[in-house]
Amino acid sequence: MKREESEDVKKLRLEMEYRNYSLNSVKTYCDLMSFLEFSLSKKLEEITIEDLKGFLHVALVKHQRSTSYINQNISAYKIFVQDVLKREWEGIKVKRPRREKKLPVVLSINEVERMITSTRNLKHRVMLMLMYSAGLRRTELLQMKPSAIDSSRMLIHVSQGKGKKDRYSILSQKTLELLRQYYSLERPKHYLFEPNGNPGQMLSDRTIDAIVRKSAIRAGITKNVSCHTLRHSFATHLLETGVNIKIIQQFLGHTSLRTTSIYLHLTNINLGSVKSPLEDMNV
């Protein structure tokens with residue numbers, strides 16, 4: 001059962017909404033601060049820097065939570081202290097943990113194909129194909145509306161992605177054909193993909209996570225597959241076919257090329273097939 005938000009967390013929510021944070025960020029930060037209050041049995045305004053550090057130490061060491069989880073807690077608490085309570089931020093006392101240098105899980109083209117072909121449900125199959133063929137984040141897929149599909153230019157308009165940025169990604173012809181079948185049968189009211197029996201509503205994160213996980217199991221894949229795995233695979237496979245990394249950066253909506261460059265470590269490139277530029281010189 002979801003706990004009711006405290007007055008402090010409601011103030012944090014209002015502040016973030018006023019500052020135009022994405023709906024996903026607002027929900028994540030407010031949920032984290034609600035859990036922080038619950039865990040420490042204190043109001044958010046009563047929680048000190050030392051309280052926070054103790055909580056995060058247990059989360060990191062005992063429960064082995066990710067550095068992303070730790071940093072999100074710090075960021076949410078900082079917004080509350082600085083912008084809600086109008087207090088000086090003692091950031092120097094809260095060191096952010098170093099990020100783990102882990103390479104993402106990537107599927108082979110054959111594994112992606114098996115996931116798609118083993119998924120018989122039309123809606124679920126189209127969702128998998130869209131995420132992979134356009135490199136979409138989970139939230140971007142869930143928030144997508146039918147108007148985002150631009151079949152005349154074979155592009156997908158990703159509206160208000162991470163960082164509240166718009167971008168375009170590629171629309172696969174095979175995906176478009178299946179999308180048209182799906183749309184003619186389902187006729188979604190607002191979002192492109194809606195829960196059965198609840199027109200106009202958005203699918204939940206857990207629903208799409210379960211779809212991806214079950215599809216991977218049916219395909220006989222033992223890797224830890226998530227929605228983001230399809231996005232990672234999209235970028236890696238494009239790079240392996242020779243697509244310029246700057247173009248891939250635009251498709252993914254990365255602000256920095258450094259973020260996209262992680263896929264350079266994942267590609268299966270035959271170094272022996274690369275010719276030295278000297279070979280084209282008259283020397």
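What follows is a chat about a predicted model of a protein.

Me: Let's get the overall picture. How many helices and strands are in the protein?

Reply: The protein has 12 helices and three strands. Keep in mind that this is a predicted model.

Me: And what share of the residues is buried?

Reply: Buried residues account for 41% of the 283 residues in the protein.

Me: What about contacts between residues at least 6 apart in sequence, how many of those join residues at least 24 apart?

Reply: That comes to 60% of them.

Me: OK, on to the sheet. What order do the strands come in, and is the pairing parallel or antiparallel?

Reply: The order is S1-S2-S3 in an open sheet, and the pairing is antiparallel.

Me: Which strands stand at the edges?

Reply: Strand S1 (149-150) and strand S3 (167-170) do. Each has a single partner strand, so one side of each is left without a neighbour in the sheet.

Me: How many bridges join S1 to S2?

Reply: Two bridges, with S2 covering residues 155-158. Ile149 has Ile156 as its bridge partner in S2, and Asp150 is partnered there by Leu155.

Me: And how many bridges are there between S2 and S3?

Reply: Four, again in the antiparallel sense. If you want a pair to click on, Val158 stands opposite Arg167 in S3.

Me: What holds strands together in a sheet, in general?

Reply: Backbone hydrogen bonds, and the pairing can be parallel or antiparallel.

Me: Back to this one. What's between S1 and S2?

Reply: S1 and S2 form a hairpin with four residues between the strands. Met154 is in that loop and has a positive phi of about 55° although it is not a glycine.

Me: Why point that out?

Reply: Because most residues other than glycine have a negative phi.

Me: How accessible are Met154 and Asn20?

Reply: Met154 is at 23% relative accessibility, so it counts as partly exposed. Asn20 is at 48%, so Asn20 counts as partly exposed too.

Me: Let me go back to S3. Is Ser169 buried or exposed?

Reply: Ser169, which is found in strand S3, is buried, because its relative accessibility is 0% and the cut-off for buried is under 20%.

Me: Which residues is Ser169 in contact with, leaving aside neighbours within four places in sequence?

Reply: Ala134, Leu155, Ile156, Phe234 and Phe251. Leu155 is the bridge partner of Asp150 in S2, and Ile156 is the one for Ile149.

Me: Switching to helices. At what angle do H2 and H4 pack?

Reply: Helix H2 (residues 23-40) and helix H4 (residues 67-84) pack at about 90°, with their axes 9 Å apart. Angles of 65 to 115 degrees count as roughly perpendicular, so H2 and H4 are roughly perpendicular to each other.

Me: Which residues make that contact?

Reply: From H2, the residues are Thr28, Tyr29, Leu32, Met33, Phe35 and Leu36. From H4, they are Tyr69, Gln72, Asn73, Ser75, Ala76, Tyr77 and Ile79.

Me: Are Cys30 and Cys227 buried or exposed?

Reply: Cys30 is buried, with a relative accessible area of 0%. Cys227 is at 4% relative accessibility and counts as buried as well.

Me: Last one, Arg120. Where is it, and is it buried or exposed?

Reply: Arg120 is in the loop between helix H5 (109-117) and helix H6 (122-134). Arg120 counts as exposed, because its relative accessibility is 70% and the cut-off for exposed is over 50%.

Me: What does the Arg120 side chain have a polar atom 3.4 Å from?

Reply: The backbone oxygen of Thr117.

Me: And how far is the C-alpha atom of Arg120 from that of Ser215?

Reply: The two C-alpha atoms are separated by 9.5 Å, with Arg120 and Ser215 being 95 residues apart along the chain.

Conventions
Residues are numbered from 1 along each chain as its sequence is written. This is a predicted model: local features need pLDDT of at least 70, side-chain atom pairs count only at pLDDT 80 or more; totals for chains, interfaces and linings use all residues. Side-chain values use heavy atoms; hydrogens and water are left out. Buried means under 20% relative accessible area, exposed over 50%, partly exposed in between (1.4 Å probe, protein chains only). Two strands pair if DSSP finds at least two bridges between them. Contact means heavy atoms within 4.5 Å. Axes are lines fitted to C-alpha atoms, for helices over the stretch in contact, and angles run from 0 to 180 degrees between N-to-C directions. Angles under 35 degrees count as roughly parallel, over 145 as roughly antiparallel, 65 to 115 as roughly perpendicular and the rest as oblique. A polar contact is a pair of N or O atoms within 3.5 Å; within protein, one must be able to donate a hydrogen and the other to accept it, and residues adjacent in sequence count only if both atoms are side-chain atoms.
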